[in-house]
Amino acid sequence: MKRLQSVFFKTRGYVSLGLLIFILVGGNSQAFDFPAAGWHRGDTSFAQENSRAALDRALDSASQNIEVDIIDFIDQNGNRVGLVSHDYKMKRATGLKGAFNERYNDPAKLPRNQANPNLTPEPFMTVVELFDMIKARKEQGVTPMVSLDIKDESKKAEAFGQWVGKLIQQYSFQNHVFASSFFRSNAFAVKAVCSDCLVGGLIFNDHYALKYLDHRYSSLDLTTLSELTFFLGFWGKKEFSHDFILIQDDIFFQHPELADYWRNVRKVKFVGVFVYNKEWTYTDAEWEMLKKVDWLELDPPQMDKYLKMKSHQ
């Protein structure tokens, strides 16, 4: 039985959705456990990333788990509702300058998400709408694993993180919704108000400091001082107690021993891997390495292969 299953059993006292243990049969007819897998920003081959259409499509698939990106958003009535968006700034998804909440306060008046110019533009959805969508799915008998990537960069990031933690508690989603972030202000705030929420950091190369940081540290281990002293060996870094870790796929394939390191030394409850190059088609050897982890965040090319392997169980 996979580690991710036991995490939620120990955390909440029961197992969520039987936690998607996929028994796949290989060419040698030997059965093996495979990680649970979530759609990275929804089914982005069907609709714009993080849109309701893409997430609905993912939730209707054979792997009913999702990863989404969220930022802060306060509406015209002063209510914090959050926004499902990969970017804090509007430029990549809308072509407009500035941050979402700097220019708009009514979610209904936001420009449409057109991050992928080859797909139909889609409206943005709020985090409250996302949680209501998950709640509705649960009422239909489907309990998806949901990975929240918190990406708020504003001065209100800590308040937003606290709100996310309280929202998870309000909906009683602690057993199947977990939150990661590059930013300590986001992650620490969730944990501060929701001790039974699972919070983790990321290992990736797309940051001036993380390019040079040993992969036995995550984004949450970086302090303001260590970001400034990375050329001196990251003086001032601090090991934060992670509930889980998400590792960029190419880093993991180069260092598969990281799974055991993070479990046995850093004492995380589960290890995940996320896709960096959306079009990367994993080799058989890479799929074999992925059996060492507990959770995958896949884009359509990798998810299609995953579901084909699942169908052969």
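I began with the pair α5 and α6, whose axes come within 12 Å and cross at roughly 20°. (Axes are lines fitted to C-alpha atoms, for helices over the stretch in contact, and angles run from 0 to 180 degrees between N-to-C directions.) That angle makes α5 roughly parallel to α6. (Angles under 35 degrees count as roughly parallel, over 145 as roughly antiparallel, 65 to 115 as roughly perpendicular and the rest as oblique.) I noted the crossing of α5 and α6 as right-handed. (Right-handed means the near helix is turned clockwise from the far one by less than a right angle, left-handed anticlockwise.)

I then listed the residues. Val127, Val128 and Phe131 of α5 make the contact with Trp163, Leu167 and Ile168 of α6. (Contact means heavy atoms within 4.5 Å.) This set divides into six nonpolar, no polar and no charged residues. (Ala, Val, Leu, Ile, Met, Phe, Trp, Tyr, Cys and Pro count as nonpolar, Asp, Glu, Lys and Arg as charged, and the others, Gly among them, as polar.)

A note on the source. The model is predicted: local features need pLDDT of at least 70, side-chain atom pairs count only at pLDDT 80 or more, and totals for chains, interfaces and linings use all residues. Residues are numbered from 1 along each chain as its sequence is written, and side-chain values use heavy atoms, with hydrogens and water left out.

Next I looked at α2 (residues 52-59) against α5 (residues 127-139). They pack at an angle of about 20°, with their axes 12 Å apart. α2 and α5 are therefore roughly parallel to each other. Their crossing is right-handed. On the α2 side I found Arg52, Leu55, Asp56 and Leu59, and on the α5 side Glu129, Leu130, Met133 and Arg137. The contact of α2 with α5 divides into four nonpolar, no polar and four charged residues.

Then the whole chain. I count twelve helices and eleven strands. (Helices are DSSP runs of H or I, at least four residues, and strands runs of E, at least two, numbered from the N terminus.) Of the 313 residues, 55% count as buried. (Buried means under 20% relative accessible area, exposed over 50%, partly exposed in between, with a 1.4 Å probe and protein chains only.) Of the contacts between residues at least 6 apart in sequence, 64% join residues at least 24 apart. The chain exposes about 13700 Å², and carbon and sulfur atoms supply 49% of that. (Accessible areas come from the Shrake-Rupley method with a 1.4 Å probe; for residues, only the protein chains shown count as cover.)

I turned to Ser180, in strand β7 (residues 177-181). Ser180 counts as buried, at 1% relative accessibility. Leaving aside neighbours within four places in sequence, I find Ser180 in contact with Leu148, Asp149, Ile150, Gly200, Leu202, Phe244 and Leu246.

I also checked phi values. Most residues other than glycine have a negative phi. Ser172 is not a glycine, yet its phi is positive, near 55°. Ser172 is in the loop between α6 (157-170) and β7, and is partly exposed at 40% relative accessible area. Lys267 has a positive phi too, of about 65°. I place Lys267 in the loop between α10 (258-264) and β10 (270-274). Lys267 is exposed, with a relative accessible area of 59%.

Last, Glu288, in helix α11 (residues 284-290). Glu288 counts as partly exposed, at 46% relative accessibility.
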